[in-house]
Amino acid sequence: MSADTPYREELAHALRVVHAASVLTKSVLRSLKNSVSAETKADDSPVTIADFAAQALIISALHAVYPADAFLGEESADQLRKNEGLAERVWQLVQQARSSHVQQHENGHASLVFPATKEEMLHVIDRGTNAQLKGRVWVMDPVDGTATFMTGNQYAVCLCLLVDGVQQVTAIGCPNLRVDPQNPVNVKVHEELVDESGFGVVLSAIRGEGTYIRTMFSNGLGEPGKIEVRSGTGGKESKDLDFIESALGSTSLSQAEHKAVAELLGAKWPGTVIWSQQMKYIALTLGATDVMLRLPLDKTRYTHVWDHAGGQLLFQEVGGIIQDIDGGSIDFSHGRRILGDKNYGMIATQPGVFEKVDEAVKAVLARRT
């Protein structure tokens, strides 16, 4: 990557804040183990103090550098304003993260800007409630996979810069993922492949410049290793394709049809099972799995931008193919949600197998009455 590569500065800042947020979340896991204090959001998914604190950290640090940029995050501060005890715990975690960050710098000054007061922290978190995706927008999911985060399994700290709805830069921290950046490809990624003693890895990309992986340490990052672009699946037959799934029993996706597609190709289903959506893209990027399907029950279903932005860029930069069921590219420009009437479902595969998977999907969907 040359010094004049576009978005090189943005990538450096993205890596810095994702690393800090990853260390923050991993420290929560280590201090509380399996007793992470959880609240329940309106959509009934668990959210932790780490989720709120990481969003505050990310937005505060980036806003200080790019004050004209907008932000889109999963969390708002509404719950914190209604629950003073929860707000205080989040504020204490932010202060601890700042103190730790300062101690890691020889000059005694933080290179990242943290909220100065609890009220400022709440205001910073609410900067992520932006609904417009025009211009430069930093999209984040501070802890993607909060359910498995709370059990000490895989989760991701996600950040992506969209420019007019196009992914340009991403950094995704995987604090619990135990892989060797010098030989990361084709490792069987699963929930229990946990880096118990370290801080996992971070994957990053600038559009058109490839995908890189680095080890995360408590005080910084290791040297980057480039993940080679793939042109196929190494001669793998259809029956040997690995289909990655969420935990079985999803009500928003037609997993019965996911299974039918795999069976039509003679493949086992499910193959790899990982809860976090962004960790599925990590597994695809590392060549640990071959196919990810998202076949909604109907076009009224939707998914959120922060579950896909960034992870898709990582995978595409190593040759991965992602389209909706109608053959269109995924459009991130319509707000917080990716709507079914804009992008109906998703098919993501390693290069060389997309056409046969796409044909199988269409054959299965044709059975709908």
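Modeller: Tyr7 lies in the segment before H1; helices (H or I, at least four residues) and strands (E, at least two) are DSSP runs, numbered from the N terminus. The model is predicted, with local features taken only at pLDDT of at least 70 and side-chain atom pairs only at pLDDT 80 or more, while totals for chains, interfaces and linings use all residues. Residues are numbered from 1 along each chain as its sequence is written, and side-chain values rest on heavy atoms, without hydrogens or water.

Tyr7 has a positive phi of about 70 degrees although it is not a glycine. Most residues other than glycine have a negative phi, and most peptide bonds are trans. At 23% relative accessibility, Tyr7 is partly exposed; buried means under 20% relative accessible area, exposed over 50%, and partly exposed in between, with a 1.4 Å probe and protein chains only.

Helix H1 covers residues 8–32, and His13 is found in it. With a relative accessible area of 18%, His13 counts as buried. Once neighbours within four places in sequence are left aside, His13 is in contact with Leu62, Val65 and Tyr66, where contact means heavy atoms within 4.5 Å.

H2 is the helix to follow next. Two packed helices are described by the angle between their axes and the distance between the axes. Here axes are lines fitted to C-alpha atoms, for helices over the stretch in contact, and angles run from 0 to 180 degrees between N-to-C directions.

On the H2 side the meeting residues are Phe52, Gln55, Ala56, Ile59 and Ser60, and on the H5 side Met121, Val124 and Ile125. By class, the residues of this contact of H2 with H5 are six nonpolar, two polar and no charged. For that count, Ala, Val, Leu, Ile, Met, Phe, Trp, Tyr, Cys and Pro are nonpolar, Asp, Glu, Lys and Arg are charged, and the others, Gly among them, are polar.

Within H5, Met121, Leu122, Val124 and Ile125 are buried. Viewed down the axis of H5, its buried residues fall within an arc of 160 degrees, so they line one face of the helix; the arc is that of the directions from the helix axis to the C-beta atoms. An α-helix has 3.6 residues a turn, so residues three or four places apart point the same way. The buried residues of H5 pack against H2, helix H3 (78–82) and helix H4 (84–103).

H4 also packs on H2. The axes of H2 and H4 come within 9 Å and cross at roughly 55 degrees, which makes H2 oblique to H4. The crossing of H2 and H4 is right-handed; a crossing is left-handed if the near helix is turned anticlockwise from the far one by less than a right angle, and right-handed if clockwise. H2 brings Ile49, Ala50, Phe52, Ala53, Ala56 and Leu57 to the contact, and H4 brings Leu86, Arg89, Val90, Leu93, Val94 and Ala97. The contact of H2 with H4 has 11 nonpolar, no polar and one charged residues. Phe52 and Ala56 take part here, and Phe52 and Ala56 also meet H5.

A further helix pair is formed by H7 and H10. The axes of H7 and H10 come within 9 Å and cross at roughly 125 degrees, which makes H7 oblique to H10. H7 passes H10 in a right-handed crossing. Glu257, Ala260, Val261 and Leu264 of H7 make this contact with Val357, Ala360, Val361, Ala363, Val364 and Leu365 of H10. Sorted by class, the contact of H7 with H10 has nine nonpolar, no polar and one charged residues.

Helix H10 covers residues 354–365 and includes Phe354. Phe354 is buried, at a relative accessible area of 8%. Not counting residues up to four places away in sequence, Phe354 touches Ile321, Gln323, Ile347 and Thr349. From Phe354 back to Glu9 it is 345 residues in sequence and 34 Å in space, C-alpha to C-alpha.

Terms used: Angles under 35 degrees count as roughly parallel, over 145 as roughly antiparallel, 65 to 115 as roughly perpendicular and the rest as oblique.
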